[in-house]
Amino acid sequence: MADKTAQIIYGPENKAINFPVYDATLGSEVVDITGLAKSAGIFTYDPGFMSTAACESKITYIDGEKGVLLYRGYPIQQLAAESDFLEVCYLLLQGELPNIAQKEQFAKIINNHTMVHEQIRSFFNGFRRDAHPMAIMLGVVGALSAFYHDSLDIKNPEHREVAAFRLIAKMPTIAAMCYKYSIGQPFVFPQNNLGYADNFLRMMFSVPTEDYESNAVLAKALDRIFILHADHEQNASTSTVRLAGSTGANPFACIAAGIAALWGPAHGGANEACLNMLEEIATPDNIPRYIARAKDPDDSFRLMGFGHRVYKNFDPRAMVMRETCHEVLENLKIHDSPLFRVALELEKIALEDDYFVSRKLYPNVDFYSGITLRALGIPKNMFTVIFALARTVGWISQWNEMISDPNRRIGRPRQLYLGPTRRDFVPMAKR
Ligand code: SDX
């Protein structure tokens with residue numbers, strides 16, 4: 001129970017209304033204003049949710065001032081260096097790191113669900129070959145609801161678990177199918193003796209006419225990119241999944257809603273937008289012109305890959321991403337990549353410019369991911385698909401946490417109404 005309160009003094013009689021304040025394990029306390037509308041007849045107003053906690057959660061914690069990101073208490077830097085993506089999936093879903101037996105059992109279960117129903121393949125034929133892969137992924141993931149009637153009873157923990165396993169297992173297969181369809185090559189079946197990231201790269205790049213050779217360094221780099229993107233507390237797409245889930249919609253429909261929200265260039269679409277921007281800048285001597293545009297209040301141009309709602313310091317993922325980017329470029333002997341040079345120079349100049357420093361605009365996870373993914377041979381229009389693939393475990397873990405909360409209620413925000421007051425209908429003859 002709360003032993004602290006916050007008080008609102010409101011109305012002509014200066015009525016004092018007290019609200020409970022709850023402590024957090026880490027980060028900000030919260031004022032519970034659930035009873036505000038009833039006790040004072042007023043709403044809070046917080047478009048963009050700058051100061052609003054929409055839920056309680058035990059999964060991920062971000063300290064924006066210190067540049068800290070913890071998955072179930074473990075720092076992202078340690079997980080990126082010591083763990084692998086399937087182990088992080090287990091951690092996010094179950095709350096603890098697996099022991100050897102648990103990890104092997106989890107990997108085996110995921111491997112049993114990597115194939116998609118053969119009928120799913122015919123969905124792809126309805127799309128044009130030049131459809132954006134995010135549009136295809138959105139449609140196909142939503143359609144999974146039509147195939148898995150045995151795991152749609154969201155009140156049943158086993159059904160929720162099977163749906164989570166299916167989504168984590170099938171996202172790489174669906175993502176690779178989106179790519180293969182767009183280039184007119186045959187779909188490649190998953191090969192379950194390969195690791196998660198390696199299996200995905202093989203489904204993306206192998207062809208039936210030749211043997212496929214894995215590259216352990218590139219597979220490890222991609223696995224690390226998946227870890228960095230796995231979860232990020234109540235970001236826009238996760239909040240979308242939670243809101244859709246609060247209505248009782250099935251998990252596949254909720255994840256499709258998350259994919260739709262992630263697509264925006266202000267969110268998960270920033271990695272594709274960032275690479276487009278770096279390619280447009282092309283050489284370091286063009287940087288000042290783009291910095292000037294980013295600072296111009298009359299120009300809608302923003303530096304893609306810079307800034308964050310929560311991080312007012314370096315995004316810790318961006319630091320790991322920069323290192324990974326360098327490793328991949330070294331391994332592929334393209335360390336003098338002009339794009340990487342432009343990115344390093346842009347980061348240096350921006351971080352010395354008062355406009356960015358005063359607004360605490362630092363590179364975020366998307367700043368280096370695009371260069372790395374492109375170096376791995378992944379086309380730009382697949383970058384957000386990769387982000388969605390990795391974020392699925394975060395979305396489904398947050399969805400499961402919400403659905404298993406016995407006090408769950410449908411999310412239904414109110415508004416500040418500024419429209420016309422009541423008026424009578426005007427017949428056409430009098431308009
Ligand atoms: C992700 O929420 C998450 O956790 C998301 C994510 C996740 O893992 O789920 O971390 C993934 O979405 C990362 C962010 C990717 N987006 C981009 O890189 C797009 C570029 N960034 C901006 O669009 C922006 O920084 C946002 C959307 C990320 C944050 O927007 P906010 O918090 O609403 O900040 P704001 O728009 O109010 O900006 C504050 C000021 C403004 O200037 P002033 O009005 O004070 O003069 O900073 C300026 C903005 O104009 N600003 C920028 C800028 N970002 C903010 N100016 C130039 N370039 C930028 N990138």
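The legends below describe a predicted model.

**View 1. Residues around the ligand.** There are 23 residues around the ligand. The nearest of these are His 232, Leu 303, His 308, Arg 317 and Arg 391.

View 2. Phe 306 contributes through its backbone, where an N or O atom lies 2.9 Å from a nitrogen atom of the ligand. Both His 232 and Arg 317 are also listed among the residues that come nearest to the ligand.

**View 3. Helix H7 against helix H8.** H7 spans residues 157-182, and H8 spans residues 196-205. Their axes lie 8 Å apart, at an angle of about 20 degrees. Angles under 35 degrees count as roughly parallel, so H7 is roughly parallel to H8. The crossing of H7 past H8 is right-handed. On the H7 side, the contact is made by Ile 168, Pro 172, Thr 173, Ala 175, Ala 176, Tyr 179 and Lys 180. H8 supplies Tyr 196, Phe 200, Met 203, Met 204 and Phe 205. By class, the contact of H7 with H8 holds 10 nonpolar residues, 1 polar and 1 charged.

**View 4. Helix H12 against helix H15.** H12 covers residues 270-281, and H15 covers residues 338-352. The two pack at about 95 degrees, with 10 Å between their axes. H12 and H15 are therefore roughly perpendicular to each other. From H12, Leu 275, Met 277, Leu 278, Glu 279 and Ile 281 take part in the contact. They meet Leu 339, Val 342, Ala 343 and Leu 346 of H15. The contact of H12 with H15 has 8 nonpolar residues, no polar ones and 1 charged.

**View 5. Helix H15 against helix H17.** H17 runs over residues 365-375. The axes of H15 and H17 come within 10 Å and cross at roughly 170 degrees. That angle makes H15 roughly antiparallel to H17. H15 brings Leu 339, Phe 340, Ala 343, Leu 344, Leu 346 and Glu 347 to the contact. H17 answers with Phe 367, Tyr 368, Ile 371 and Arg 374. The contact of H15 with H17 divides into 8 nonpolar, no polar and 2 charged residues.

Notes: Residues are numbered from 1 along each chain as its sequence is written. This is a predicted model: local features need pLDDT of at least 70, side-chain atom pairs count only at pLDDT 80 or more; totals for chains, interfaces and linings use all residues. Side-chain values use heavy atoms; hydrogens and water are left out. Axes are lines fitted to C-alpha atoms, for helices over the stretch in contact, and angles run from 0 to 180 degrees between N-to-C directions. Helices (H or I, at least four residues) and strands (E, at least two) are DSSP runs, numbered from the N terminus. Angles under 35 degrees count as roughly parallel, over 145 as roughly antiparallel, 65 to 115 as roughly perpendicular and the rest as oblique. A crossing is left-handed if the near helix is turned anticlockwise from the far one by less than a right angle, and right-handed if clockwise. Contact means heavy atoms within 4.5 Å. Ala, Val, Leu, Ile, Met, Phe, Trp, Tyr, Cys and Pro count as nonpolar, Asp, Glu, Lys and Arg as charged, and the others, Gly among them, as polar. A residue is near a molecule or strand if one of its heavy atoms lies within 4 Å of it. A polar contact is a pair of N or O atoms within 3.5 Å; within protein, one must be able to donate a hydrogen and the other to accept it, and residues adjacent in sequence count only if both atoms are side-chain atoms.
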